[in-house]
Amino acid sequence: MGYAIEVEGLTKIYGDFRAVDNISFKVREGEVFAFLGPNGAGKTTTVEIIEAIRNPTKGKIKVLGHDRSKRTREIKERIGVLPQEFISFERLTVRETLTYFSNLYKKHADIDEIIDTMDLRDKENELYMNLSGGLKQRVGVAIALVNDPDIIFLDEPTTGLDPRARRDVWNAIAGLKEQGKTVFLTTHYMEEAEYLADSIAIIHKGRIVAEGTLDELLKQYGHQSTLLIKGGRADEIAGALKKDGYGTEEINGNVAIKISKRDAVIDILFHLKERGIYYREIDIRHSDLEDVFLNLTGEKLKEET
Amino acid sequence: MNPKIVAIDFMASFRNYTRNKGTLFFSIAFPVILILLFGAIFSGGGGSYSLYIKNFDYKNGEFIASMMNDSTTGNFTNFYDALYAQLNSTGIIKIKIIKNSDVSNEKELKDYVHSKKLKSVMVIPENYGMMLGMAIANENASIAPNITLMLDQSETQRNSIIMSVISQFMGQSNLMIAGGQNFMRFNTSSIIREKFDYIDFFVPGVIALTVMTNSVFGVIESNTKFRKNGILRKLLTTPFTRGEWIMAKMLFMLFMSFVSTFVILIVGIVVWGLNVHFNVYMFILITSASFAFAGMGMVVTRFVKDEETAPAAANVITFPMMFLAGIFFPLEMMPHFLQIVTKFMPLYYVGEGLRDAMILGDASGALTNTIVIFAFAVVVFAIGVAVTNWKEG
């Protein structure tokens, strides 16, 4: 399989600010590629340069094998884009909206099929302005499909949605992957990347700090799982484990121990049993992309909201 | 340029627009309300009709009264006061006397009528009472002089009411004095309209104003709101080109300009009896104005990109023009220095041009204004297109 997108040495400078700093990556055909990073990391700048909305300061970009700056018209026919914070024409119905955008292209997907795929059938004659946030985003994804594109760009498709609406949009995106589309997704939700992505690039302050599949990233940067010991007297438990040389931390009255291998859990529990120390239950939390990001950047990915 | 894509966007604009009660109100209903409201205020219609009277014989009224019995003159010592009171008592006519200090002879009367734009004037000739008395005494109606009614012929409804009131009044008087012989009678003469009504002045102005606001704010909406909502970014990723987009939006704006014009003219004609000449100048003026003001909107949104502040910035341009460009009141009413300022306002030329073309039938005036606004449109629209950029930095 070839590459849908190839980016090499991409840099975007605004004044003194390097929004995107010499990044390179490749997106394979048919995969869901997630560009993960906090707000202001350079995700949207990068994706908008690939979509030809912005011009790069430096760098080479190939989309579907074509130089992005030369075969713009042809590339436009073959990509579908949901821009960040997109709001469509307020007073067109869902069907009219899809028809409008569909007519801009030479190649058309079947609108009824899109309506069904995106589960919009009972809303097809509603005005866009009367739809809920989640439905609007689903219409946005649907618009990105009207030309039956080879690559679909979704820029923060679930920002601001409640968990249920987010789940609906995720299912819609997962459906695209099944159709063999290449999906380029930008997000600052690690769950979104974990749920949807085949490959993930983590971007921080304009640079890609890590890239790979979810497993690869967890293996390489996740390091440890955490054992949580709940119930019982935290100081007693922590004191006992400290004597045995374990680093402990207290979280919400529970004792947390970072462990790097599975056997450590058995050892710890054995120690506690030997000393007759009471606890109610244990919980093992595996590392996730949040930990990966924290380990890579020393910062938290999640916004404090 | 793909005409199909242009047509598709035009239709989308049409739907989006006609489903928005707010914009529909401001581009169609608002100008109609304006001309109804201002037309009513300045036409002074309704209720009773003012009848101006120039009486060259008032000084003889007391003498005439003394010759007559009290049943005719009542408590009045002057025959003419009795006449005025009876005319007023109809409730339909309101008498207004033109004083001798304002008008002392026939020639002055003519100028006075024209300069004050009077619509109906009754003229009683000198020695009318004496001659009337002689006619009655000799029972010879043919030597009785005529009272003249000067009437503005464009005011047909008003004229017929005034004439019927006067003939009824004279019929009764004739019956009373001489058993039905026509001793008192009147003839009419017409007041030639040299000046036009306020509504003739106002309607072309409202058309110019509506074209301006439709175009400026139409462009501002599509450039700021669609930018903020990501629609412009979205369109950049489609094969829709900037040229096609501008073409589609301009065609829609032109369409709206002509729809508004049409509605305003219909109301003007039906309600105010406006007499409109349709000609090619009107078409070119409205088209040029749409492009010119759209260009101004583009320039504004080049510098003020925010959806909330851009309309405010546009108001800074449109508001002074609305009041100073001779839309609501004529230029002559303004101090000299403001008149000079007005000459720099494009809306002035649109309003004047439309007035020349539609109302006055002044071809040379229409041509001059059309040339000015056409040239302005070419320049401003070109600048507007040049500075309109979809791309983000």
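**Entry 1: helices α11 and α12 of chain B**

I began with helix α11 (residues 242–272) and helix α12 (residues 280–303) of chain B, which pack at an angle of about 130 degrees with their axes 10 Å apart. For this I took axes as lines fitted to C-alpha atoms, for helices over the stretch in contact, with angles from 0 to 180 degrees between N-to-C directions. Helices are DSSP runs of H or I with at least four residues, strands are runs of E with at least two, and both are numbered from the N terminus.

The model is a predicted one, in which local features need pLDDT of at least 70, side-chain atom pairs count only at pLDDT 80 or more, and totals for chains, interfaces and linings use all residues. Residues are numbered from 1 along each chain as its sequence is written, while chains are lettered from A and ligands numbered from 1 in the order in which they are written.

The angle means that α11(B) and α12(B) are therefore oblique to each other. I used these classes: under 35 degrees is roughly parallel, over 145 roughly antiparallel, 65 to 115 roughly perpendicular, and the rest oblique. I noted a right-handed crossing of α11(B) past α12(B); right-handed applies if the near helix is turned clockwise from the far one by less than a right angle, left-handed if anticlockwise. Among the residues that meet are Met250(B), Leu254(B) and Phe258(B) of α11(B), and Ile286(B), Phe291(B) and Ala294(B) of α12(B). Contact requires C-beta atoms, placed from the backbone, to lie within 7 Å.

**Entry 2: helices α9 and α11 of chain B**

I then looked up helix α9 (residues 198–228) of chain B, whose axis comes within 10 Å of that of α11(B) and crosses it at roughly 155 degrees. This makes α9(B) roughly antiparallel to α11(B). The crossing is right-handed. The contact includes Val203(B), Thr210(B) and Gly218(B) of α9(B), and Met253(B), Ser257(B) and Trp272(B) of α11(B). Its residues divide into nine nonpolar, nine polar and one charged.

In chain A I found an open sheet of four strands, ordered β12-β13-β11-β14, with antiparallel pairing. Strands pair if DSSP finds at least two bridges between them. The edge strands, each pairing on one side only, are β12 (248–251) and β14 (281–285) of chain A. Strand β11 (residues 225–230) and strand β13 (residues 254–259) of chain A pair over five bridges. I noted that Leu227(A) has Ile257(A) as its bridge partner in β13(A). Helix α10(A) packs on the sheet, touching β11, β13 and β14 of chain A.

Helix α9 (residues 234–243) and helix α10 (residues 263–274) of chain A have axes that come within 10 Å and cross at roughly 115 degrees. The two, α9(A) and α10(A), are therefore roughly perpendicular to each other.

**Entry 3: interface and confidence**

I counted 20 residues of chain B in contact with 27 residues of chain A. On the side of chain B that touches chain A, α1(B) gives the most, with five residues. That side divides into seven nonpolar, seven polar and six charged residues.

For confidence, I recorded ipTM 0.82 and pTM 0.71 for the model. The mean pLDDT of chain B is 84, and 93% of its residues reach 70 or more; pLDDT is the predictor's confidence in each residue, from 0 to 100.

Note on methods:
Contact = placed C-beta atoms within 7 Å. Nonpolar A, V, L, I, M, F, W, Y, C, P; charged D, E, K, R; others polar.
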